[in-house]
Amino acid sequence: MKPTTATDKLNGDITAATLLARFQDYIKYSRGKHYAGATDFDKLASLSHAIRDLAVDRMLATQEAYYNRSVKRVYYLSMEFLMGRLLSNNVISLGLRPVVEAALGKLNLSFEQLCNFEPDAGLGNGGLGRLAACFLDSLATLEYPAYGYGIRYRHGMFRQEFDNGWQMERPDDWLKFGNPWEIIRPEDAVPVLVYGRIENMPAASGTSRSVWVGWQMIEGVPYDIPIIGCGVNTVNILRLWNSRAAKSFRLDVFNQGDYVRAVEEKNWAENICKVLYPSENTHAGKELRLIQEYFLVACSVRDAVRRHLKRHASLDNFAEKNALQLNDTHPALAVAELMRVLLDERDMPWERAWKITVAALSYTNHTLLPEALEKWPVPLMERVLPRHLQIIYEINQRFLDSVRLRYPGDDERVRHMSLVEEGEVKQIRMANLAIVGSHAVNGVAQLHSDLLKLHLVPDFAQMWPERFSNKTNGITQRRWLLACNPGLAALITECIGDRWVRDLETLRELEPFAEKPEFLQRFLAEKQANKQRLAAIIAERQGSAVDPRSLFDVQVKRLHEYKRQLLNALHIIALYHRIKDNPSGDFVPRTFIFGAKAAPGYHMAKRIIKFINAIGEILARDPDVRSRVRVVFLPDYCVSLAESIIPAADLSEQISTAGKEASGTGNMKLALNGALTMGTWDGANIEIAEAVGLDNIFIFGHRAEQLDVMARDGYRPLEWLERDPELRRVVASIRQGVFNPGVPGLFEDIVHALTDWGDPYFHVADFRSYADAQQRAADLFRDPTAWARKATLNVARMGRFSSDRSIREYAREIWDLQPVPVNVAAVKATT
């Protein structure tokens, strides 16, 4: 990688010898050990600190450049940042992998093995968090002034284990040994207020003003993680907030012997950052989650304001110098919080404050499921955030006045657009708040953006069509090809050079190689090597052997009924029946690989996990089947596990109910690594199909508009079942307990969901089309050269799905942001 700033030399003075000296110094002076007594963790922490040090000069130079040039900055607010392991990615971004391997080689250490000791950062769960991580990588690599804002969860979401096939949630203790990448900034701690009440007090103008009193204060302490741009000097910052009590210890109470009450406030404050997404099944859990979301918003807004005021005399130009991007509805309270700061702390008139707020904020919607759009009960808001509720009511009143003025007499429209949902318990609609308080609203795939305007929030789209746009998601090729699939990456670079690392569109130059037999053989050899590595992981973790020559059929994503892991399972049972009916038949061997977590309170999703594991157990015990079909459900799916699974995948299952998946990014990662997609006409599958060509993807199932008609006219899954004897047999075998011997009725809810309960995600309607598409995939897999040709074309045509393209679109069309190249030498000379 060549730097963009010609006067700088990236790592010019870093040799294997100097890096080795830094590494050994950290073991001695930071870990306090001789090398002979150092543990694997000591070595990992010491190498990570040595690498982090190399980024610090650039990080300081980057911040200095932003300050000196008074640039506009973007702040990306997200409840999740699914970063994965950082060591390998950071070494690649710094262009130091050969140097690091040479240095460690002098001590007979393996860089790859050392990386495997690093825990995944427990900062996210699914696609939302992984997208945020990809965006941070692209923002730094493209040299945009940017900050990520998130929460430093102590235990992540949970560590998943299986007990007799059932998901069990354990604490994810990822910070057990600390985090060598983070830099604590206690001097930048910010106060956060919750609870209390509103009192009207006289103002200087002779009128009264609302004052928030009787609140409880907690503090947000920032921890900074460097985000290193690839091949450039830019090092941006992910700032994670940790909660602590303003008064953490009551010595007077302690001395009275009440040891529990002495630390009560400390414990309560620390609970805010204990876990990602505390369960909302209890009132206390719901309250904690609201406080958690406000904590992120309050810390981040105050930090952005503080940084702005270091360079500017007032907040009048705040929107000209700052863009705050809300990643889904979780940070939607930023609308009310920024208004509160402008109104209450800066004494700004409402109209000016509102203009600044709308101009500064933008909102990304990530779901088409109405039930996934957050709403908070008004009594809860009144108890926890009384001033914000008051501001939201005022926003709503002024907004609805404008709606009535524009659409007189349309009370139904007013009801739909209100920020307050009427009912037995009034609720605040956070998506509506985010839309009203933002100057730009975007979906994350073209179909998603169209359905967002057509079905989810049509009234807003009609009123403000200029606010709505599409920004199709993307992935960073630095992690999802260069780092996770080094063999394929090296093969590509050998053929077309390495420009693709920073310009994925240049992968197009790989297309002619799809017609070259020698290349295809090498392509298949790299895939086979990745499959053998994954087979070894499966053997180590599961104790079961899988055939690397079999078709690796992969579905790895969050467990939700609309993602239809159940449809995949139904097809596996159909294959099981076919083999049992014809044990001597010629079947393409398959290994079905699943990875997914279910939300702790999502009982049907957890039952589907048990169901898939039960199918796997039955098939593994059957001598007719086990050499043809294996089912592997790897527990605790995470970024590092994905980095082993994705390069090994032959077939990528992207089989969501059409119209339900916003975009998906797993589909992009798998296609980029040479897997063929088995997908519905949904989310980014559509754009992938358009890019790679319909001949190079397996599309099946009803489209969103067809399913809308079926739902409207009365979809009857039992009638569809009657027309499909194979599926009828599959469902009958579930009902008869074939996969739950000795436990009657275990999977009865699954049968009911497919039949009596209306099959809301259309598994039955799409099954035959899915099974036929699966047969086409099996037939193609018999011809390795034909398969490799299509897989190569998938890789070559994935250029548009880089997160670099996504970020350029956000920067140009939403944030009005310009790149800021950083010259480390120039900044050093002025400081």
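Reply: Start with Phe762, which is buried at a relative accessible area of 8%. Buried means under 20% relative accessible area, exposed means over 50%, and partly exposed lies in between, with a 1.4 Å probe and protein chains only. The model is a predicted one: local features need pLDDT of at least 70 and side-chain atom pairs count only at pLDDT 80 or more, while totals for chains, interfaces and linings use all residues. Residues are numbered from 1 along each chain as its sequence is written, and side-chain values use heavy atoms, leaving out hydrogens and water.

Phe762 sits in the loop between α31 and α32. The helix names come from DSSP runs numbered from the N terminus: helices are H or I with at least four residues, and strands are E with at least two. The phi of Phe762 is near 60 degrees, a positive value in a residue other than glycine. Tyr277 also has a positive phi without being glycine, near 55 degrees. Its loop runs between α9 (264–271) and α10. Tyr277 is buried, with a relative accessible area of 18%.

Now look at helix α32. Ala777 lies in it. Ala777 is buried, and its relative accessible area is 0%. Which residues touch Ala777, leaving aside neighbours within four places in sequence? They are Leu551, Leu651, Met678, Phe698 and Trp787. Contact here means heavy atoms within 4.5 Å. Asp57 is 720 residues from Ala777 along the chain, and their C-alpha atoms are separated by 51 Å.

Phe781 is buried, at 17% relative accessible area. Again leaving aside neighbours within four places, Phe781 is in contact with Lys531, Arg549, Ser550, Leu551, Val588, Asp650 and Trp787. From Phe781 to Ile492 is 289 residues in sequence, and 23 Å from C-alpha to C-alpha.

In α30 (residues 725–735), the buried residues are Glu726, Leu727, Val730, Val731, Ser733 and Ile734. They share one side of α30, because they cover an arc of only 155 degrees around the axis. That arc is taken from the directions that run from the helix axis to the C-beta atoms. An α-helix has 3.6 residues a turn, so residues three or four places apart point the same way. Just after α30, Gly737 takes a positive phi of about 85 degrees.

Next come pairs of helices. Two packed helices are described by the angle and the distance between their axes. Axes are lines fitted to C-alpha atoms, for helices over the stretch in contact, and angles run from 0 to 180 degrees between N-to-C directions.

Take α10 (residues 283–311) and α12 (residues 334–345). Their axes come within 9 Å and cross at roughly 50 degrees. That makes α10 oblique to α12. The cut-offs are these: under 35 degrees is roughly parallel, over 145 roughly antiparallel, 65 to 115 roughly perpendicular, and the rest oblique. The crossing of α10 past α12 is right-handed. A crossing is right-handed if the near helix is turned clockwise from the far one by less than a right angle, and left-handed if anticlockwise. From α10, Tyr294, Val297, Ala298, Val301, Arg302 and Val305 take part; they meet Ala334, Glu337, Leu338, Arg340, Val341 and Glu345 of α12. This contact has eight nonpolar, no polar and four charged residues. Ala, Val, Leu, Ile, Met, Phe, Trp, Tyr, Cys and Pro count as nonpolar; Asp, Glu, Lys and Arg count as charged; the others, Gly among them, count as polar.

α12 meets α15 (residues 386–406) as well: their axes come within 9 Å and cross at roughly 100 degrees. That makes α12 roughly perpendicular to α15. α12 contributes Val335, Ala336, Glu337, Met339, Arg340, Leu343 and Asp344, and α15 contributes Arg387, His388, Ile391, Ile392 and Ile395. By class, that is seven nonpolar, one polar and four charged residues.

Arg404 also lies in α15. Arg404 is partly exposed, at 40% relative accessible area. Not counting residues up to four places away in sequence, Arg404 touches Gln397 and Val414.
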